[in-house]
Amino acid sequence: MYRTLGRQRLIYRSLIASYVKAGLIDRAIQVFDEMSQSDCRVFSIDYNRFLGVLLKNQRFELSEYYYNSMHSEGFSLNSFTYSRFISGLCEVKNFYLLSRLFDDMDRLGIIPDIWAFNIYMNLLCSENLVDDALKVLRLMGEKRREPDVVSYTIIISGLSKVKRHSEAVEIWKAMIERGVEPDNKACRALVLGLCDIGKVDLAYELTVGDMRGKIRFDAVVYNVLICGFCRAGRIDKAVAIKNFMRRNGCEPDLVTHNMLLNYCCNALMLNEAEILLEKMRRNGVEPDSYSYNQLLMGLCKANRVDKAYTLLINKMEVKGCANVVSYNTIISALCKAGDTRKAYKLLGEMVRKGVAPDVVTFTILIDAFLKEGNSIAAKSLLDRMTRMSLFPSLALYTTIIDHLCRTGRLSMAHGIFREMVKQGISPDAISYNALISGYCKSYQVSEAMHLFEEMQSIGVCPDEVTFKLIIRGLIKEKKTSLACGVWDQMMENGYTLDSYLSETLINAINSKKVS
């Protein structure tokens with residue numbers, strides 16, 4: 001009988017294995033259930049294998065069900081299957097079951113593999129549960145599952161993410177003291193965190209300074225330090241690191257050069273920027289669109305727009321590096337210089353050359369024409385951009401509406417307002433205020449009141465400006481009772497009138513009583 005059952009068990013196991021190999025997981029589950037309900041005894045190894053299959057196929061609810069069944073029969077998982085279970089539950093962030101698994105393992109004296117601990121700590125840090133991750137790190141030491149460089153990197157990164165940089169430094173030092181050699185990922189985590197808060201010298205000292213000769217740093221670590229020193233305005237130190245990395249077998253890459261270019265162009269060190277571009281080419285690092293755009297921005301910032309345009313036409317277009325950012329940079333510079341005609345002409349030029357304008361392009365030009373008082377050109381550009389399925393931001397729509405209202409084109413302003421709503425852009429109090437102000441100034445307070453009521457009906461709360469505009473408009477049209485009603489509503493919303501408007505309203509009320 002025992003031999004028969006043993007043979008039957010082997011048949012079940014073979015069937016399950018073949019179904020799993022064929023990807024027929026549901027059939028494998030069905031056979032496992034049949035095996036469990038037969039006279040064949042199911043062993044711990046069967047549960048470990050079967051749960052491993054379920055976990056691999058992300059069937060986590062079923063995994064929990066069979067885990068409970070296994071427990072009721074007095075079986076347990078081995079360390080490897082528990083570790084796989086932990087890894088899978090981390091993917092779906094099932095903290096409840098994770099906690100239960102760790103409790104069960106603790107009771108059974110089973111220790112997860114180091115990679116499972118690391119995956120769990122990574123989940124905790126990603127959820128900003130850094131204190132819990134630190135407890136796990138300590139637990140690893142207590143369980144004689146010594147943390148490795150990945151463990152420490154996860155914690156350093158997690159602490160940096162929540163701005164606990166001093167603790168990140170302490171963990172770094174503890175890692176070194178315990179003889180765990182940091183790798184580039186660990187260095188990156190520490191350097192990124194410290195440079196983010198401006199502690200570039202400390203980042204340099206703990207990595208390149210202390211670890212020199214022990215670690216072959218990659219370009220990312222050097223680049224983060226260079227970026228940090230550039231942001232601190234210490235270009236000499238940034239250049240020194242660039243030279244150091246080359247001497248130590250790590251060639252500066254495009255990112256390295258672009259960061260230095262960015263600094264030079266922002267500081268209007270344009271000769272140095274041009275020399276750097278030339279050095280890049282000599283060293284086999286071909287400048288990209290970002291590289292040239294930095295120089296373009298620097299030239300425009302220095303009011304050398306003609307030279308910027310020459311760079312665009314003679315070099316960038318020839319090398320295929322000109323893009324919408326390049327054109328927008330020069331269009332913006334021309335508009336700031338008051339040469340909107342030339343800027344508009346450049347819009348036509350970029351379109352002819354196959355560079356599609358974007359929302360930024362139109363925003364720059366529309367804003368420039370509005371400042372010139374040319375609302376017809378601005379409206380024409382707005383229509384053109386919407387025909388291209390490029391929709392202005394709420395801020396741009398509000399700017400246009402406000403300008404049209406100030407210049408007395410209320411009908412056009414209201415039309416654009418409705419067009420904005422039709423495009424799915426929800427107005428806010430500021431955009432309503434622009435229209436309300438226009439109507440109040442043109443003695444059309446009834447239209448302003450309609451907008452006042454409309455905004456509240458769609459859940460846009462009037463602000464202090466809204467109330468003051470309406471009250472001022474109502475006073476001008478001698479609608480004192482309505483003004484008092486809006487004043488009451490204003491106070492209910494926590495706003496108060498300024499002394500001048502308050503006095504004006506009181507005088508209007510007294511004047512009405514006298515009459």
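A salt bridge here is a side-chain nitrogen of Lys or Arg within 4 Å of a carboxyl oxygen of Asp or Glu. Before I use that, two notes on the source. This is a predicted model: local features need pLDDT of at least 70, side-chain atom pairs count only at pLDDT 80 or more, and totals for chains, interfaces and linings use all residues. Residues are numbered from 1 along each chain as its sequence is written, and side-chain values use heavy atoms, with hydrogens and water left out.

Now, the pairs. Side chains of opposite charge can pair when their charged atoms come close. How many salt bridges does the structure hold? There are 23. One of them joins the side chains of Arg 164 and Glu 167, at 2.8 Å from N to O. Arg 164 has a relative accessible area of 22%, and Glu 167 has 34%. Both values read as partly exposed, because buried means under 20% relative accessible area, exposed means over 50%, and partly exposed lies in between (1.4 Å probe, protein chains only).

Next, Asp 106 and Lys 143. Their side chains meet in a salt bridge of 2.4 Å, N to O. This pair links distant parts of the chain, 37 residues apart. Asp 106 sits in helix 6, and Lys 143 in the loop between helix 8 and helix 9. A word on helices: they are DSSP runs (H or I, at least four residues), numbered from the N terminus.

Then there is Lys 468 with Asp 498, where the closest N and O atoms are 3.5 Å apart. Those two are 30 residues apart in the chain. Lys 468 is buried, at 17%, while Asp 498 is partly exposed, at 28%.

On to helix 24, residues 410-422. Which of its residues are buried? They are Leu 410, Ala 413, His 414, Ile 416, Phe 417 and Met 420. After the helix comes Gly 424, with a positive phi near 85°.

Last, Thr 466, in helix 27. Thr 466 counts as buried because its relative accessibility is 0%. Contact means heavy atoms within 4.5 Å. Leaving out residues up to four places away in sequence, Thr 466 touches Asn 433, Ile 436, Phe 452 and Met 455.
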